[in-house]
Amino acid sequence: MTDLTPLRHIPTANVFRKGDVFVLFGELFGRGYVNGLIDEARAAGMTIVGITVGRRDETGALRPLDAAELAEAEEKLGGRIINVPLMAGFDMDAPEGEKNPTEMLSGITLKTWQEETLDWAHIERCREAGVRRFTTSAAQVMQEVDKLVPQGANVFFAHTMAGGIPKIKAFLAIANRIYKGRGERFMSSRALLESDLGKLILMNFDEVSANTLKYLIDASATIRDRVTQAGGEVRYTAYGYHGTEILIGGEYHWQTYTNYTQGYAKMRLESVAEAAWKNGITATVFNCPEIRTNSSDIFVGVELSLFPLLVALKREGGGAWADEQWRICEELLGDDTSLQQLLDTIEGYNNDATSAEFRNFEAWPMDNTPALADVMIGTSEAITALHKDKKALITDHLSSLVLEGAGPLMFHGASEKIAPVLWLNHDIIARQLNALHK
């Protein structure tokens with residue numbers, strides 16, 4: 001368990017300039033945390049280089065992007081993409097002629113999944129095949145990246161790989177019970193973790209979300225050595241999640257979404273950065289606040305901790321711009337609801353005895369419970385219902401603000417070489433946003 005190490009100051013250091021290279025290690029699909037980093041890199045005049053996870057053909061085989069896909073991806077990134085498939089995880093990998101884990105689990109159902117057993121020796125062979133495929137491709141990608149790094153340039157590697165849920169039809173129904181279910185539809189997250197399906201998913205989460213940072217660090221060793229021997233700088237960043245400090249009762253307190261199944265992989269990600277740091281490699285995991293994304297929407301209630309950011313904006317020196325954010329959010333609510341009423345509801349939720357039980361940093365990530373599901377999912381649904389339009393939510397606006405604040409904090413924080421793991425809590429996000437909009 002990593003010690004809680006919040007970033008408490010706005011970093012301003014910057015070792016990156018025109019002609020340096022920014023490498024995105026993870027494909028850019030939509031708006032997310034990494035956009036803020038890319039914006040900072042572009043503003044510094046850096047050359048933007050990206051990768052692709054590739055695509056699956058009709059047989060399930062991994063392939064590079066075709067010409068049209070590559071052109072679209074490069075336009076979206078605003079830079080060159082090395083067109084070698086770097087799909088992380090091993091759920092679709094197997095030794096020649098054998099079934100992959102996804103195929104092995106294709107027949108599970110909502111009724112049978114807890115009884116399904118896996119051949120772990122075979123699963124390990126699949127994992128080894130996946131790692132071999134990925135690391136071989138990563139070495140090939142870094143050979144191409146090396147050609148794009150001029151002598152005397154600095155390099156920023158931004159790791160963004162996350163996820164790893166196998167594409168198994170029954171899992172969506174299982175996930176809906178665990179992350180959205182209450183009452184009779186509630187399902188224990190512990191039941192998933194103790195099943196063979198859950199153990200496989202945890203292994204794949206580790207490969208996708210955590211181990212790929214180590215594979216990146218290893219694969220880029222030649223580039224790193226060349227750059228540093230010439231007096232240049234190399235940085236690695238990665239996106240973590242390990243709860244966030246938000247305002248509760250007028251003070252910043254650590255809290256988290258429960259159950260965050262990927263939390264085990266995020267802790268492994270932290271340990272990869274810590275090990276690199278001990279070896280003189282500047283790799284920092286930035287544990288970012290909860291936001292709403294396409295992938296996070298399955299976690300009903302994860303968005304509740306966003307609302308106190310509005311209070312933090314005023315607390316941390318906010319002026320007219322902070323007032324404007326309140327006005328924007330207020331206008332998204334129905335005529336019979338005030339923003340203050342909504343914030344009072346969130347304050348009540350955070351002070352609820354059930355919610356408070358899960359603010360246990362040392363026990364993270366904790367299992368869900370029926371009582372937590374009732375209060376968290378119930379509060380989430382009630383607050384969503386207060387909006388004029390269910391497709392225009394306050395949490396969408398607040399998520400965009402978090403992304404805007406996190407970008408410069410990560411970019412300059414990496415330059416400053418502060419620590420291997422840093423928390424970006426609501427205090428520093430609010431202070432950064434207020435500074436940007438003065």
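This is a predicted model: local features need pLDDT of at least 70, side-chain atom pairs count only at pLDDT 80 or more; totals for chains, interfaces and linings use all residues.

Mentor: Let's start at one end: strand 10 (residues 283-287) and strand 11 run parallel, joined by three bridges. Strands here are DSSP runs of E with at least two residues, helices are runs of H or I with at least four, and both are numbered from the N terminus. Numbering runs from 1 along each chain as its sequence is written, and side-chain values use heavy atoms, with hydrogens and water left out.

Now zoom out. That pair belongs to an open sheet of seven strands, ordered 5-2-1-6-7-10-11 and paired in parallel (pairing takes at least two DSSP bridges between two strands). At the edges you'll find strand 5 (80-85) and strand 11 (421-423), each with pairing on one side only. On average, neighbouring strands are turned by 20 degrees against each other, ignoring direction.

Then come the helices. Helix 2 (residues 67-77) packs on the sheet, touching strand 1 (21-25), strand 2 (47-52) and strand 5, where contact means heavy atoms within 4.5 Å. The direction of helix 2 makes about 135 degrees with that of strand 5; axes are lines fitted to C-alpha atoms, for helices over the stretch in contact, and angles run from 0 to 180 degrees between N-to-C directions. Helix 9 (residues 263-278) packs on the sheet too, touching strand 6 (155-159), strand 7 (234-240), strand 10 and strand 11. Against strand 10, the direction of helix 9 makes about 150 degrees.
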